[in-house]
Amino acid sequence: MNRIIVSLSLLLGALCAMGQKFATCDVRDLALIYQGGTHRCDWTEPEIEPYVTHRFSDGSEQWLFDGFLFLEFKDARGHQFSPGYDKVNATRAEWEWYIDRLFEKEKSLHALDAVISRKKNELGDPGFRHKVVLTLMVPINGQTDWGEIDGEKLDFNNAEHRQRAVKWFADALEQRFRAERFENIDLYGFYWIDEDMVSSKELLPAIAPYVHSKDLKFVWIPYYMAPGHERWRELGFDIAYHQPNHFFNKDIPDSRLDEAIDEALKHGMAMEFECDENALSQTPDCTASRMTAYMDAFDRRGVFENSALAYYTGNHLLTDFVKNPSPQNAALADRLARFIVGRRR
């Protein structure tokens with residue numbers, strides 16, 4: 001019976017995919033790096049290195065992700081950068097604080113740049129430039145205490161004021177990135193942190209063209225079947241990655257992965273791969289089998305072969321694999337890395 005179900009799933013998937021394609025872009029494999037809030041790790045060189053290269057169990061080492069998305073939802077001091085993550089809306093002061101956190105010396109972006117330099121000396125040139133996507137904060141509708149721009153106090157009940165705040169933040173991020181003169185990383189685009197279009201759809205007709213005017217890409221990762229996900233192109237995004245949201249709930253069957261893939265194909269989206277620290281063999285009630293289910297489904301359905309991919313790995317699963325060695329962890333990390341390395345061929 002199980003074989004019949006799998007065969008039917010493959011047939012339906014093939015029929016659904018006829019004439020349809022996954023989205024691709026200049027970044028093959030985009031690692032999500034949660035950084036900024038005080039509850040996150042600092043992303044020093046040892047912490048980010050396992051995302052730059054992977055050392056296999058046989059001792060060989062290969063370049064890994066070619067893109068890095070730095071994102072954050074809250075500062076863990078009580079302020080939220082997007083609706084629904086904390087009690088108090090962030091003001092201009094918190095937005096500026098976040099920028100300073102992002103560009104701290106020896107951490108985050110600087111650590112990434114330094115690791116790439118060191119690995120180039122050890123492994124040679126990777127054959128590609130590493131690309132970075134930075135996050136745009138959401139001016140939360142109804143907020144009146146955000147602050148001023150050019151002496152004018154902004155009121156986020158006013159759509160034009162909300163747009164001005166986002167454009168100001170985009171300018172600040174771009175200018176700071178250019179000023180740092182990184183040797184090995186390029187600013188590729190901006191990420192819209194709202195994962196649905198419930199509260200921000202009226203902003204995007206102004207924001208997307210502004211991002212494009214900087215010759216940058218506009219990136220989005222909506223959750224599974226999020227409101228507006230099917231309209232990602234008309235909203236102005238250059239690429240959208242569909243989240244299966246399967247890994248985190250054991251009550252969700254593996255068939256969710258096929259359903260998410262079908263939906264992505266239907267609307268020409270890319271896919272997100274999902275796992276977190278619960279996949280570690282040392283974790284009680286380990287969920288490594290759910291991470292394996294993603295690899296099996298993505299391999300079977302041609303996602304690894306044909307789609308751009310974003311990778312949610314919790315806070316820092318790949319770093320945790322290195323810090324918590326076991327045969328099971330090594331096998332899981334090696335398998336995922338083989339897919340990523342193989343995609344470059």
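**Close-up 1. Helix H2 against helix H4.** In this predicted model, helix H2 (residues 45-52) packs on helix H4 (residues 108-123) at an angle of about 60°, and their axes are 9 Å apart. Axes here are lines fitted to C-alpha atoms, for helices over the stretch in contact, with angles running from 0 to 180 degrees between N-to-C directions. Helices (H or I, at least four residues) and strands (E, at least two) are DSSP runs, numbered from the N terminus. H2 and H4 are therefore oblique to each other; angles under 35 degrees count as roughly parallel, over 145 as roughly antiparallel, 65 to 115 as roughly perpendicular and the rest as oblique. The crossing of H2 past H4 is right-handed, a label used when the near helix is turned clockwise from the far one by less than a right angle, with anticlockwise giving left-handed. On the H2 side look for Glu45, Ile48, Glu49 and Val52, which meet Ser108, Ala111, Leu112, Ala114, Val115, Ile116, Arg118 and Lys119 of H4; contact means heavy atoms within 4.5 Å. Sorted by class, the residues of this contact are seven nonpolar, one polar and four charged. Ala, Val, Leu, Ile, Met, Phe, Trp, Tyr, Cys and Pro count as nonpolar, Asp, Glu, Lys and Arg as charged, and the others, Gly among them, as polar.

A word on the ground rules: residues are numbered from 1 along each chain as its sequence is written, and side-chain values use heavy atoms, leaving out hydrogens and water. Since this is a predicted model, local features need pLDDT of at least 70 and side-chain atom pairs count only at pLDDT 80 or more, while totals for chains, interfaces and linings use all residues.

Close-up 2. Glu106 sits in the loop between helix H3 (92-102) and H4. Its phi is near 65°, a positive value in a residue other than glycine. Glu106 counts as exposed, at 67% relative accessibility; the cut-offs are under 20% relative accessible area for buried, over 50% for exposed and in between for partly exposed (1.4 Å probe, protein chains only).

**Close-up 3. Helix H5 alongside helix H6.** The axes of H5 (residues 159-180) and H6 (residues 204-213) come within 10 Å and cross at roughly 20°. That makes H5 roughly parallel to H6. Here too there is a right-handed crossing, H5 passing H6. H5 brings Gln163, Val166, Lys167, Ala170 and Asp171 to the contact, and H6 brings Ala206, Ile207 and Tyr210. The class tally for this contact of H5 with H6 is five nonpolar, one polar and two charged residues.

**Close-up 4. Helix H8 alongside helix H11.** H8 (residues 288-300) and H11 (residues 327-343) have axes that come within 11 Å and cross at roughly 20°. That makes H8 roughly parallel to H11. H8 goes past H11 in a left-handed crossing. Ala288, Met291, Thr292, Met295, Asp296 and Asp299 are the H8 residues, and they meet Leu332, Arg335, Leu336 and Phe339 of H11. By class, that gives six nonpolar, one polar and three charged residues for the contact of H8 with H11.

**Close-up 5. Leu134 and the nonpolar core.** The largest nonpolar core has 114 residues, and those with the most contacts inside it are Leu134, Leu136, Trp192 and Met291. A nonpolar core is a set of buried Ala, Val, Leu, Ile, Met, Phe, Trp, Tyr and Cys residues joined through side-chain atoms within 4.5 Å. Setting aside residues up to four places away in sequence, Leu134 touches Phe70, Leu102, Phe103, Leu109, Leu173, Phe177, Leu187, Gly189, Phe190 and Tyr191.

**Close-up 6. Arg55 and its contacts.** Arg55 belongs to strand E2 (residues 53-55). Along the chain Arg55 and Ala333 are 278 residues apart, yet their C-alpha atoms are separated by 9.4 Å. Not counting residues up to four places away in sequence, Arg55 touches Ser60, Glu61 and Asp334.

**Close-up 7. Two loop glycines.** Gly84 is in the loop between strand E5 (79-80) and strand E6 (88-89). Gly84 is exposed, with a relative accessible area of 71%. Gly142 lies in the loop between strand E7 (130-136) and strand E8 (148-149), and is partly exposed at 36% relative accessible area. Leaving aside neighbours within four places in sequence, Gly142 contacts Phe156 and Asn157.
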